[in-house]
Amino acid sequence: MSIERALELVDRSPGNGYPNPTVGAVVVAADGTTLGEGVTEPAGGRHAEVVALDEAGAGAGGATLFVTMEPCAHHGRTPPCVDRILESHVARVVAGCRDPSPSGGGGAVRLRQAGVETELLDLREARRQNEAWRTWAALGRPYVILKLALSVDGRAAVPRRRWVSGVAARRRVHELRASVDAVGVGMGTVHADAPRLDARDVPVVRPPRRLAFGRGPLPDGSELELRSGRTEEELGALAAEGVQSLLLEGGPTIAASFLAHGWVDRLLVFVAPVLAGGGPAGLGELPEPLDLGEPTVELVGADVLLDWRLRDEV
Ligand SMILES: NC(=O)c1ccc[n+]([C@@H]2O[C@H](COP(=O)([O-])OP(=O)(O)OC[C@H]3O[C@@H](n4cnc5c(N)ncnc54)[C@H](OP(=O)(O)O)[C@@H]3O)[C@@H](O)[C@H]2O)c1
């Protein structure tokens with residue numbers, strides 16, 4: 001089915017449209033021939049629908065446009081896709097998910113009002129392709145991934161060891177750092193571990209900002225950026241500065257606080273094959289137990305990675 005082809009186009013170039021969502025589009029003629037395909041071009045470039053319609057040319061008249069997200073109806077850096085779609089005279093639009101942003105939404109309604117048969121699906125796969133952007137656009141805070149590394153007995157540190165997790169898990173964390181806009185820790189971790197929080201020995205397109213949450217001051221020599229306001233306000237300010245995704249790497253106190261406030265969208269727990277026998281608890285107190293549901297489980301080296309999405313995606 002062509003919506004699957006549109007999803008596949010995004011899977012092949014994830015994040016291509018950053019800081020815009022990355023969307024895929026396919027124009028298909030009534031006889032099933034593909035007339036045009038496209039993915040969102042990098043910032044300031046064409047949206048996927050426009051790329052696909054440009055390729056289809058005059059043949060788009062009467063065709064179906066499959067697109068992974070509802071076409072935008074607003075003037076951003078480029079004119080609304082809805083206008084371009086109407087000019088193309090496609091007969092039908094099938095969109096994989098709605099646009100959750102207050103400014104961009106409403107495209108499906110406008111298309112229907114203009115007489116274009118429009119189907120708005122709600123495909124989880126389509127939403128997941130831009131989950132960070134969707135949370136940022138809809139909630140006005142970064143999409144937060146909380147990562148914890150624990151011993152089998154639930155400790156956040158192992159006596160006389162620098163690291164809890166193994167080499168492969170640590171490499172995975174560096175890949176995660178390279179995939180987000182910011183990485184952060186609480187001030188207790190700054191004092192205990194003096195982390196650099198940079199993405200090392202992995203390909204990095206945009207180095208993440210490196211944040212310390214707490215009152216400060218930072219210890220001498222720390223290169224982290226101190227965020228000392230109320231956490232909720234700091235999250236809003238970071239979002240306004242364009243931080244769409246934040247990897248929070250603990251420690252236990254700030255982790256519990258983020259969980260208790262409902263600010264964690266995805267929880268990653270690396271469980272290392274060690275019984276620490278002592279050391280700090282893996283997580284601070286929560287006001288009440290939090291059911292996590294079924295995780296995705298993966299072996300990363302000798303560590304077990306448990307992966308939960310805590311929010312039904314926006
Ligand atoms: N295994 C792991 O995944 C992992 C990860 C990190 C750290 N650790 C370990 O954890 C230990 C440190 O634990 P910790 O609990 O002291 O560290 P933490 O959670 O990193 O730091 C707690 C501090 O963060 C600041 N903070 C800022 N916003 C906060 C908020 N919304 N809620 C709560 N606190 C906030 C507060 O500092 P102010 O008082 O300055 O405001 C608070 O005292 C170390 O042993 C370290 O090695 C383990």
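Being predicted, the model is read with limits: local features need pLDDT of at least 70 and side-chain atom pairs count only at pLDDT 80 or more, while totals for chains, interfaces and linings use all residues. Residues are numbered from 1 along each chain as its sequence is written, and side-chain values use heavy atoms, with hydrogens and water left out.

Four residues from domain 1 and six residues from domain 2 make the contact (heavy atoms within 4.5 Å).

Together the domains bury about 480 Å², 47% of it on carbon and sulfur atoms; buried area here is the accessible area (1.4 Å probe) lost on putting two parts together, summed over both. Two residue pairs, both at pLDDT 80 or more, are in polar contact between the domains.

As for the ligand, 21 residues surround it, and the closest are Ala149, Ala156, Thr189, Arg215 and Thr253 (near means a heavy atom within 4 Å). A backbone N or O atom of Ala156 sits 2.7 Å from a ligand nitrogen atom. Ligand oxygen atoms lie 2.9 Å from a backbone N or O atom of Ile254 and 3.2 Å from a polar backbone atom of Met187.

Notes. A polar contact is a pair of N or O atoms within 3.5 Å; within protein, one must be able to donate a hydrogen and the other to accept it, and residues adjacent in sequence count only if both atoms are side-chain atoms.
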